[in-house]
Every structure is written in structure tokens, then in C-alpha cells.
Amino acid sequence: MSAIQETVTDAPAIDAVPKRAMTLGAGTSAVVLLLLLVMPLFVKNFVIFQLTTVLIYGLAVLALNILTGGSGQFSLGQSAFYALGAYISAVLMEHAGMNYALTLPISGIICFAFGFLFGLPALRLSGIYLALATFALAVAMPQFLKLGALEEWTGGVQGLVVTKPDAPFGLPLSQDTWLYYFTLAIAIAIYIASINLLRSRSGRAMMAIRDNEIAASAMGINVALYKTLAFGVSAGITGVAGGLGAIVVQFVAPDSYTIQLAIALFLGMVVGGVGWLPGSIVGAAFIVFVPNIAESISKGLSGAVFGVLLFVVIFLVPHGARQVALVCQHWIGKLKRS
Amino acid sequence: MELLTNQILAGIATGAIYACMALAVVMIYQAIDHLNFAQGEMAMFSTFMAWQMMQWGVPYWAAFVLTLILSFIGGIAIERLLFKPLAKAPILTNVAGFIALFAIVNSVAGLIWDFTIKQFPSPFGSAPFLGSQLISTHQAGMIGVTIGLLVLLFLFFRFTRIGLAMRAAATLPESARLVGINTSWMIALGWGMASAIGAIAGLLIAPVVFLEPNMMGGVLIYGFAAAVLGGLSSPLGAVVGGFLVGIFENLVGTYIPGAGNELKLPIALALIVIVLVVKPSGLFGHTVIKRV
């Protein structure tokens with residue numbers, strides 16, 4: 001039944017983002033940073049814990065943003081990289097007695113290698129087909145972690161409990177506050193590095209591939225290299241986020257890293273604005289807080305309330321937080337001129 | 001050898017479920033160019049409507065026809081209300097919309113009909129088919145309906161004016177509009193048809209997996225996998241893909257030691273990924289030629 005002919009002259013999957021729109025201005029960045037710095041001083045420990053979670057998911061959303069917004073590849077497998085990072089950190093801390101901060105780079109490097117290697121078969125796939133391949137990865141990971149052969153290290157279905165680190169040098173901070181600042185420091189470092197990456201030659205190469213692969217290769221860009229590199233970087237950052245997640249939640253178990261996590265990260269990216277890195281934190285806040293809000297509105301219908309809220313957001317701002325930021329920028333510009 | 005043929009037969013029987021779902025998936029993909037993640041939940045909701053009618057005393061086939069009509073209207077309504085306004089939004093935003101729809105339908109169905117498992121009758125009975133213990137008459141009926149549906153769809157797209165218009169609208173929307181096709185309504189029609197086909201799939205699957213709001217979770221994953229394996233542009237591919245996935249799944253479970261139920265899905269998916277790496281647009285799909 002080859003009745004349906006396809007002649008596609010389609011536009012790129014994602015609208016091109018002007019380069020400058022990738023980041024926030026210096027002034028706005030300073031305000032956001034200040035807010036993030038002082039916020040923990042005024043709230044309870046549990047809220048600090050939630051804010052830390054937002055930062056961690058923010059990192060994972062940022063990683064997906066680099067992959068999808070940067071290089072135009074779609075992934076539903078981020079939860080697998082997140083799980084891998086979390087488990088590497090947890091195993092190193094609990095079985096090798098390593099310092100928690102030192103486990104993060106190791107998680108990052110191993111996940112980078114894993115993502116890079118996964119990027120190789122993924123090279124031949126795009127769009128929906130790539131989504132299915134990464135989806136397979138996300139489905140396989142929890143089952144893999146439950147395998148009997150690895151149980152000695154991973155703790156099988158039960159998972160591993162991780163000890164929560166104290167603030168170093170006798171700083172007068174609670175554990176939660178310390179972890180918040182620790183996460184914040186890492187998040188800012190990775191955010192700046194990512195922005196620099198996307199502004200560099202490599203970043204431009206990735207965006208050229210996103211906008212038109214054939215044209216990019218005609219310009220002499222090594223398409224295979226940069227596509228796999230994007231996968232690697234994305235997986236590496238997700239791995240660090242996963243490691244942080246393990247430390248903060250103090251617990252890793254296979255069933256915390258199902259496909260639902262990958263879907264949540266995807267929603268975070270859409271709500272934050274695809275390809276707009278600062279939006280990652282907005283998206284992360286959405287996926288951390290909105291399910292709770294939905295639950296508090298109606299217990300039985302929490303799924304429906306969540307869905308309706310999500311619809312409201314995408315109806316009002318189909319381009320996510322980026323659109324809000326652009327509108328604000330526009331108004332501020334008008335005020336300045338008048 | 002006997003074990004092998006038996007497992008292949010059993011695989012075809014489960015494959016019929018996936019083939020049915022995959023057909024619905026391909027239908028909507030033809031019309032809107034995305035995979036609808038909420039497809040399974042919509043089918044589940046249709047099945048619940050049929051169940052409710054039967055509880056009220058409506059005979060099976062009347063409930064069947066009514067459900068198809070309601071699902072068709074419901075699919076169009078969803079498109080008009082929720083996704084037409086998003087037509088200009090980026091693709092990924094649309095996908096987020098599907099996820100939202102998924103959450104809403106699942107939660108609402110859970111509230112109306114709660115999460116207990118319900119029996120669902122089969123129009124074909126459940127006696128062994130032609131003396132074989134592996135395929136029941138229901139499963140044979142399911143295979144028959146799937147193939148019948150495939151033929152009907154082929155005839156519809158090949159020989160009717162409206163089928164031609166739908167194909168034109170999906171292939172080259174701008175040119176289609178120039179020759180006077182209302183492409184916007186063609187998309188709505190695609191939603192309606194996909195929803196109705198999904199309802200048929202749901203009604204056929206429900207006697208096997210039992211009726212509950214989460215019944216489609218596993219089926220939809222396999223249905224997607226089947227549709228993608230067969231190539232998203234081909235209904236025939238979807239059906240063949242469905243049977244192949246069913247057979248894969250069964251053979252993996254039987255012959256790979258230690259695979260068991262837990263690893264069946266990942267291994268089947270991995271096999272599909274390997275097939276895709278060799279043939280990136282699916283077994284029956286057309287290679288899309290891109291111009292720069």
C-alpha cells in the first residue's frame with residue numbers, strides 16, 4: 001500500500017533562535033542570581049530541599065535543551081543517563097567511600113562516554129525514530145539496574161541509601177542549606193559552560209545541523225562528530241544532575257528513574273522554551289511544583305488538573321518562558337525609550 | 001520445532017493487539033504528522049463508554065456502533081477545541097499537549113469508573129480456534145478484524161474522493177488548499193478516524209487485558225513500536241510491524257534465558273532499534289527525500 005507519496009520540503013523541526021536570545025542580559029542575570037542566593041535564608045528546610053530539586057532538574061532540563069534546542073535531536077532517554085549518574089555516585093560513595101563531591105565528575109565523564117557511544121547508532125535515526133530508540137533506553141535502564149548480577153553493587157530492587165553530607169569547614173549551615181548552595185554553585189558553573197559551548201564554534205556547528213543537516217555538511221561541518229558530541233555533553237550534564245539528585249534525595253532505586261522522569265524533563269523543556277537555556281530553571285520549577293499544586297486542588301483528579309494547567313500554559317505561551325521573557329524585554333525597552 | 005511454531009502462533013495472537021493499535025497510530029500520523037501519545041487513553045475511554053452502555057443493557061453490536069460514532073465525534077471535538085489553536089505552535093509544544101491530554105483522560109476515566117479491573121465481553125467467544133490451544137476464537141476474530149480494517153482503509157484512501165483529499169492535505173497542504181481542499185477539516189477528520197479505529201482496537205483488546213484506566217499503557221508502547229518498525233507512513237507496515245513485535249516479544253521470552261517478563265520489553269525494543277538502524281525509515285516506510 002504505497003498510496004501515499006511523500007515529497008518533503010519541510011522546514012527545520014525547530015524554529016531558528018537568534019543567537020543573542022539564547023541568554024539573559026547581564027542585569028537580569030544578576031537579579032536572578034541574587035534571588036537564588038538569598039532565597040534559602042527565608043524559607044523552611046523542606047522548601048530548601050524542593051528548591052535544590054528544582055536546581056537539579058533544571059540542570060537535567062538544560063542538558064536536554066542542549067541536545068534538542070542546540071542540535072535538534074530529540075531524546076526520551078534522559079532518565080537513563082540520570083539514573084546512570086545517580087547510581088555511579090551512590091555506588092562510589094557507599095562502596096568505595098569516596099567523597100560526594102568527587103563522585104560527580106566521575107558520573108559526568110562516564111555518562112558522557114555512554115551518551116557519546118549511544119549517539120553513534122542514533123546518528124542514523126531522526127525525529128520520531130530517534131525518540132523510539134531513546135525511549136527504549138529509558139525503558140531498559142530500570143530493568144538493567146534490577147538485574148541479579150549487579151545486585152551486590154546496586155542493591156537490586158531495594159536500591160541504595162546514601163549518607164547525607166554535612167557542611168564542610170564547620171560552616172554554620174544546615175545540611176539542606178549547604179546542599180542547596182553546593183548544587184547552586186555547580187548549576188551556575190555548568191550553565192555558564194553551556195552558554196559558552198553554544199556560543200563557540202562547536203555550538204554554532206550544532207545549531208547549523210539543527211537548522212539544516214545537509215546544508216551544514218555542505219559547509220564542511222562533521223555532522224556525525226557534532227551530533228554524537230551533543231549527545232555526549234547532554235548525557236554528561238544529566239549524569240552530574242543524577243549524581244546530585246542521589247546525594248540530595250539520599251536514596252537511589254530503579255523505579256525512581258522510569259520513563260516518567262524523561263517525560264517530566266521533556267515537559268520542563270517545553271515549558272521553559274526549547275533552545276532557551278535560562279528557561280530550564282522555569283521548566284524545572286514547573287515540573288517540581290505544579291504536580292503538587294494539582295494534588296492540593298483535587299486529590300482524585302490531580303492528573304486532570306495537571307493536564308489542564310499544562311494546556312493553559314501551552315495555550316498562553318506556546319514558546320514557553322522564552323516568550324514571556326521576550327514580551328517583558330519588549331515592554332522594558334519601551335519604558336526606557338519613553 | 002513444535003515449540004517454535006507454537007510460540008510464533010501465540011506471538012501472532014498478541015501481535016494482533018499491537019497491529020490494531022499501530023493502525024490507529026499510523027492513521028493519526030498520516031493526518032497530523034505527529035505521534036499522538038494520548039491515543040491509547042482515548043481508546044481506553046471509548047472502551048469504557050461501550051462498557052457503560054452494555055451495563056445499561058444495550059446489546060453488544062449496538063454499543064459497538066454507538067461507541068464508534070461517539071469516538072469519531074469526540075476525536076473531531078478534541079482536535080477542534082484543543083489542537084487547532086496549537087496548529088501554529090512548535091511541534092514539541094504539540095507533543096506536550098498530547099501528554100497533557102493523556103493525563104486528563106486517564107485521570108477522568110479513573111474518577112468516573114474507578115481503577116478496579118472489569119471484565120469485558122468478546123463478540124467472538126473464547127473457545128480454542130480450530131482446535132489450537134494457542135489461539136482463541138477471539139484472537140482469530142481480532143486478526144480478522146484488523147485485516148478487514150486494513151483493507152477498508154486501503155479502499156478508502158485509494159478510491160474515494162475524500163480519501164484522496166486527505167492524502168493530498170497530508171502530503172502538500174499548500175497545494176491541496178490551492179485546489180480547494182479544506183485542509184483544516186481534513187486534519188479533524190483524521191483525528192476522528194484515528195479515534196474510531198482506536199475505539200475498535202480498545203474494544204478488541206479489552207477482553208484480553210481487562211478493562212481499567214491503565215490498560216493501554218503497555219499496549220500503546222508496543223503499538224508505537226510496531227508502527228515505527230513498519231514505517232509510519234504505511235498502514236500495511238503498521239499491521240506487519242504489529243505481528244512482528246508480537247512474535248519478537250514471545251520468542252525473546254522463550255529463548256533468551258533469564259529474560260522473563262521484566263526484560264521482554266527492553267529486548268524487544270532493542271531488536272526494533274537494531275532493525276531501525278539498518279533501515280531508518282521502517283520496514284515499509286518511504287524514505288523521505290529532503291531538499292536543501
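A residue counts as buried if 20 or more other C-beta atoms lie within 10 Å of its own, as exposed if 12 or fewer do, and as partly exposed in between, with C-beta atoms placed from the backbone. Helices (H or I, at least four residues) and strands (E, at least two) are DSSP runs, numbered from the N terminus.

This is a predicted model, in which local features need pLDDT of at least 70 and side-chain atom pairs count only at pLDDT 80 or more, while totals for chains, interfaces and linings use all residues. Residues are numbered from 1 along each chain as its sequence is written, and chains are lettered from A and ligands numbered from 1 in the order in which they are written. The model scores ipTM 0.80 and pTM 0.84.

**First selection: helix H5 of chain A**

Select residues 127-146 of chain A, which form helix H5. Of the 20 residues of H5(A), 15 are buried, so the helix is mostly covered. Its end C-alpha atoms are 30 Å apart, which agrees with the 28 Å that 20 residues should span at 1.5 Å a residue; the expected span is 1.5 Å times one less than the number of residues. Now centre on A:Ala140, where H5(A) bends by about 30 degrees; a proline, A:Pro142, follows within four residues. The bend is the angle between axes fitted to the seven residues ending at a residue and the seven starting there.

Move to residues 279-297 of chain A, the 19 residues of H12(A), which reach 26 Å from first C-alpha to last, close to the expected 27 Å. This helix bends by about 30 degrees at A:Phe289, and A:Pro291 follows within four residues. Its buried residues include A:Gly279, A:Ile281, A:Phe286 and A:Ala294.

**Third selection: the contact between the chains**

Which residues meet across the two chains? Two residues are in contact if their C-beta atoms, placed from the backbone, lie within 7 Å. The contact takes 44 residues from chain A and 51 residues from chain B. On the side of chain A, H13(A) gives the most, with ten residues.

**Last selection: chain B**

Finally, colour chain B by secondary structure to show eleven helices and two strands. Of its 292 residues, 51% count as buried. The C-alpha trace of chain B spans about 60 × 50 × 35 Å along its principal axes.
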